[in-house]
4 protein chains.
Amino acid sequence: MTATTQENSTHAPAADGAAGGRIVLGRNQYGKAEVRLVRITRDTDRHAIEDLNVTSQLHGDFESAHTEGDNSKVVATDTQKNTVYALAKDGVGSPEAFLLRLGTHFTECFDWVTGGRWAAEQYGWERINDHDHAFSRNKSETRTAVLLVEGARRHLVAGIQDLTVLKSTGSEFHGFPRDRYTTLAETTDRILATDVTARWRYNTLDVDFNSVYASVRRILLDAFAQTHSLALQQTMFQMGKEVLEAHPEIQEIKMSLPNKHHFLVDLAPFGLDNPNEVFFAADRPYGLIEATVEREGAPEESAVWANTPGFC
Amino acid sequence: MTATTQENSTHAPAADGAAGGRIVLGRNQYGKAEVRLVRITRDTDRHAIEDLNVTSQLHGDFESAHTEGDNSKVVATDTQKNTVYALAKDGVGSPEAFLLRLGTHFTECFDWVTGGRWAAEQYGWERINDHDHAFSRNKSETRTAVLLVEGARRHLVAGIQDLTVLKSTGSEFHGFPRDRYTTLAETTDRILATDVTARWRYNTLDVDFNSVYASVRRILLDAFAQTHSLALQQTMFQMGKEVLEAHPEIQEIKMSLPNKHHFLVDLAPFGLDNPNEVFFAADRPYGLIEATVEREGAPEESAVWANTPGFC
Amino acid sequence: MTATTQENSTHAPAADGAAGGRIVLGRNQYGKAEVRLVRITRDTDRHAIEDLNVTSQLHGDFESAHTEGDNSKVVATDTQKNTVYALAKDGVGSPEAFLLRLGTHFTECFDWVTGGRWAAEQYGWERINDHDHAFSRNKSETRTAVLLVEGARRHLVAGIQDLTVLKSTGSEFHGFPRDRYTTLAETTDRILATDVTARWRYNTLDVDFNSVYASVRRILLDAFAQTHSLALQQTMFQMGKEVLEAHPEIQEIKMSLPNKHHFLVDLAPFGLDNPNEVFFAADRPYGLIEATVEREGAPEESAVWANTPGFC
Amino acid sequence: MTATTQENSTHAPAADGAAGGRIVLGRNQYGKAEVRLVRITRDTDRHAIEDLNVTSQLHGDFESAHTEGDNSKVVATDTQKNTVYALAKDGVGSPEAFLLRLGTHFTECFDWVTGGRWAAEQYGWERINDHDHAFSRNKSETRTAVLLVEGARRHLVAGIQDLTVLKSTGSEFHGFPRDRYTTLAETTDRILATDVTARWRYNTLDVDFNSVYASVRRILLDAFAQTHSLALQQTMFQMGKEVLEAHPEIQEIKMSLPNKHHFLVDLAPFGLDNPNEVFFAADRPYGLIEATVEREGAPEESAVWANTPGFC
């Protein structure tokens, strides 16, 4: 592209006057990221394990730290880390409940902390042969939670990621428009595979977070399996719809689903047919399908999403 | 946290009525991610190489694909990939210019495509001993670009990431508040290290993108090196301020800087002193310092950031 | 270290004469790595899935390719990839069986191919709610296999990796020697956690590979869980011993076990005790414990291990 | 493959008698892995930085730890970590020199430690604008070193990895055999790209390690650039040959070079030609070309390679 094309642009969001403005601090946050917390509950011989990766970030009046290097209001990130561990002494319970306790602590203890963003990943463990204190990691998915506090408002998002699913049939893709650059053949039988990343926002805090997580996970898997797919978009919408139908406490759900292509290998040059048996699983590029499924008449976009990467 | 605490909450963003609303499709986008494009310019014996990772996502009227599996408007992600390669035949020039061409193509060619999000990473290559056609990868940083098109509006963000810097002195941290959970000692001499991720938004498209990128990169490095740091926040703000002072075409810059802790090893048990010589470079947790530096009186938050992960 | 110290070395494996020798090609191999193969068995409505990552490398007379660029004997790596897919048409069965077929193919079809190294990772999938053709990935472990063919000899190694396990009690560590650099406290109750990587070599090919894999996996988990550990070395040896006791067809087993440290957090500064409840899960450094458990009187080291990274 | 095929095998390295042998501990080693060490030299205002990732593993009489959980000879991995930091107080100098000091320390201080394996990665840093104490990471390559001590013998291997290079022309590939499974077209002009991993073994310890590293790196780059390639094997052999010709202190060099495929995109369906301009850079599968270049009459295979992953 030549510079001329750019110069001719009439759509540029130019803001000539703005460019002359005084340079100031805009939105900011800081904290400690990826605090690796393992909490063993050992009140009886039958231990339980909770394994989290916690991030704490504070919002508030931190301007002088930026402009003058004045740290008098900067709750050290090391202190935030210590607080994560100290609060864990009283138990975790669920990532959502734990983040709520962190948010309350920091906003109540420091006048100038007006809010913040707290996030966690939780990793699953299963007992080895029902053993009392021996476990193996279930790596097939990761549970996530994000809490955004803005003054008196609390936005709470739960999620799941890294959940890889595949259908070996029951997926079609045809009827798409064909232009100069279209070479893709239509198909009525393909492999459909994706890594499910989903995040849902609660409209109440009165939730049994562990139960709802288990239920949403089950619904997402079932809907993926049961939907005869004409497009990954269709499967995705159905997955979200079923979650919202079952869970009135969920206001909206966002999903980001890569279309992990499995290409049928052409065995004809070797004198072999290939009736959807032998596939090449490709890495890149991949399709990327993203959407929000929500309740009609939802209020404006929650601020929590601006801080939640990877979703439209 | 006990359930009681949650039940007592009066801050919950409850939306009882909303929970009963009809379930509908909200914001959505789709496309092809991570199209790996290498473009060789070989008009003369002295070749040039451009190496990009391109993602194309379309916005528009795709509701029936979600609700009915009707693909009649779904420009196949495979077609989007083909288009990336076809347009590259005419050259790349810069990631920003290339994304602008992609955005124009898709919005002009398909009535129902009202916008989209196009993004690219660009990887650097250097000549081996000034050789005409042999190169080695410079992995010390990655250049990024994001274009968001919303109807007639184009939001363009350039960036740099993976740029790791360190000062072995000239960094202090003290004067921070001490509460029950504070154990960190004050220091007047520590290592300061971070991975610079910065993204800046242009207020015009009339930009020599390659020159400005090189300039911003240089300013970020210089400001990091030259600033005697009382807080990483202060260093970060100074870095952003210098970029905006030098570049009126940049409206705002967002930075996300991990504080990569280097802990002084206690050698006293071994009868050795350690005057800031031997350090343990920790992985996790790490501080995470994020801010926007902007021109006063900037208009409302650009929609481009909602789709740009990792920034407050 | 000063140069003097090096010069004074009398242990240097110096080989002055050797340094003057003619420069020649030594051991070499080549092929295609990481061929991603997904094989769907769909003889009935109840599909099965096998998901592998296959590497094929040939040994033989390839000297002229190296010294003269003569490719007349170079079976193209693209051809090796095609062969993987073509042979998969007849089914996979187990990674071991599939590698044996690949090895036989290449050594029988090309006179100058005297052997080779074939390797595979296999990824697990589970049915979603017993669905006929919908699956979710079990990421909690990876199955591996390596076949080394040297003329008429076939060395076959099976393995498991990425299997993360943890005991929340039942692990001690004390009685170790203390020197000038020892600061570690003794403990009678710590968390013991590791990622199991194990590889076992068969002394026969007459094996039901899938059954033995499942059995070895179960034994490794049980032995980890059941062993009251005084040292990770002890746990590791016990794990290997139980595998060999149960499986006469296994000649030796090698394990590489990181000691994934979980450090008890000192909550005393916050006025809290911490009776093995709150831990920091560290990333690096980590202990690394490796050993072979074998049958006495085993013959010389199998050549297969030289090509199998990560084991002593 | 059917079980029958396996049963019929006459090549199986069966060892019926062996299977009945007593189960014993074979080769073993243990230690601390990935000790992240940053050493600042600040004797003057112009600081220097050395950044390493060090692994220490001991060999010796550790049988009772495995068989009885007796730790009386187990130099704690924590002690090994402490020793790395304590010895760094006296400087690093080069990864090779530092590993030699570690090896001497452990084998001299503990009677039952008869040897060990010490390894390091070193990360490069460059001054920012010739600043005295501000640096940026050069991520374009990683320097490696491995020391194996077996009693009085020391095997020392230096290396480079992650060095990515590409030629946009000057690479051909034709004349390879064609069988039933061959579909690859011959070419006289393709992109040749690889990530150089090389490891060379010294035949003396009387080496200026930093100078030789810089020289080998330069030779590898130059040889890659200058060689008109008929096969990646040819380029690789030439690279190794030039290193050995220039450095009599190097006994052998092993290289592992992925053939990073760049596929010419077929633009013909779009009415465009593509004279080697637009390429798709593929991830997997990739070619993998490995060889040793050595001096004729070299003694038997050095034991160091058995512990050095990734090389034939």
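Predicted model: local features only at pLDDT ≥ 70, side-chain atom pairs only at ≥ 80, totals over all residues.
1. Within chain A, E5(A) is paired with strand E4 (residues 134-150) in the antiparallel sense, through nine bridges. One pair in this arrangement is A:Leu147 with A:Leu156, the latter lying in E5(A).

2. The connection between these two strands deserves a look in the viewer. E4(A) and E5(A) make a hairpin in which two residues stand between the strands. In that turn, A:Gly151 has a positive phi of about 60 degrees.

3. E5(A) also pairs with strand E6 of chain A, residues 192-202. The two strands run antiparallel and are joined by nine bridges. Here A:Ile160 has A:Ala198 of E6(A) as its bridge partner.

4. The pairing of E5(A) extends to another chain. Three bridges link E5(A) to strand E4 of chain C (residues 134-150), and these strands run antiparallel. The bridge partner of A:Leu166 in E4(C) is C:Phe135.

5. The nonpolar core should be read together with these pairings. In soluble globular proteins, nonpolar side chains tend to be buried together. The largest nonpolar core of the model holds 360 residues, and A:Val165 and C:Val165 touch the most other members. Apart from neighbours within four places in sequence, the contacts of A:Val165 in chain A are with A:Ala193, A:Thr194, A:Val196, A:Leu221 and A:Phe224. A:Val165 is also in contact with C:Ile128, C:Ala134, C:Phe135 and C:Ser136 of chain C.

6. A further point concerns chains B and C. Each of the two chains gives seven residues to their contact. On the side of chain C that touches chain B, three residues are nonpolar, one is polar and three are charged.

7. In chain C, the bond from C:Arg284 to C:Pro285 is cis, with omega near -10 degrees. C:Pro285 lies in the loop between strand E9 (278-281) and strand E10 (286-295) of chain C. In chain D, D:Arg284 and D:Pro285 are joined by a cis peptide bond with omega of about -10 degrees. D:Pro285 is placed in the loop between strand E9 (278-281) and strand E10 (286-295) of chain D.

8. Two residues other than glycine have positive phi values and may be examined in turn. For B:Glu34, phi is about 60 degrees. B:Glu34 belongs to strand E1 of chain B, residues 23-41, and is partly exposed, with 17 other C-beta atoms within 10 Å. For C:Asn276, phi is near 60 degrees. The location of C:Asn276 is the loop between strand E8 (262-264) and E9 of chain C. C:Asn276 is partly exposed, as 16 other C-beta atoms lie within 10 Å.

Notes:
Residues numbered from 1 in each chain as written. Chains lettered and ligands numbered in written order. Nonpolar A, V, L, I, M, F, W, Y, C, P; charged D, E, K, R; others polar. Helix = DSSP H or I, 4+ residues; strand = E, 2+ residues; numbered from the N terminus. Buried ≥ 20, exposed ≤ 12 C-beta atoms within 10 Å, placed from the backbone. Core = buried A, V, L, I, M, F, W, Y, C linked by C-beta atoms within 7 Å. Pairing = 2+ DSSP bridges.
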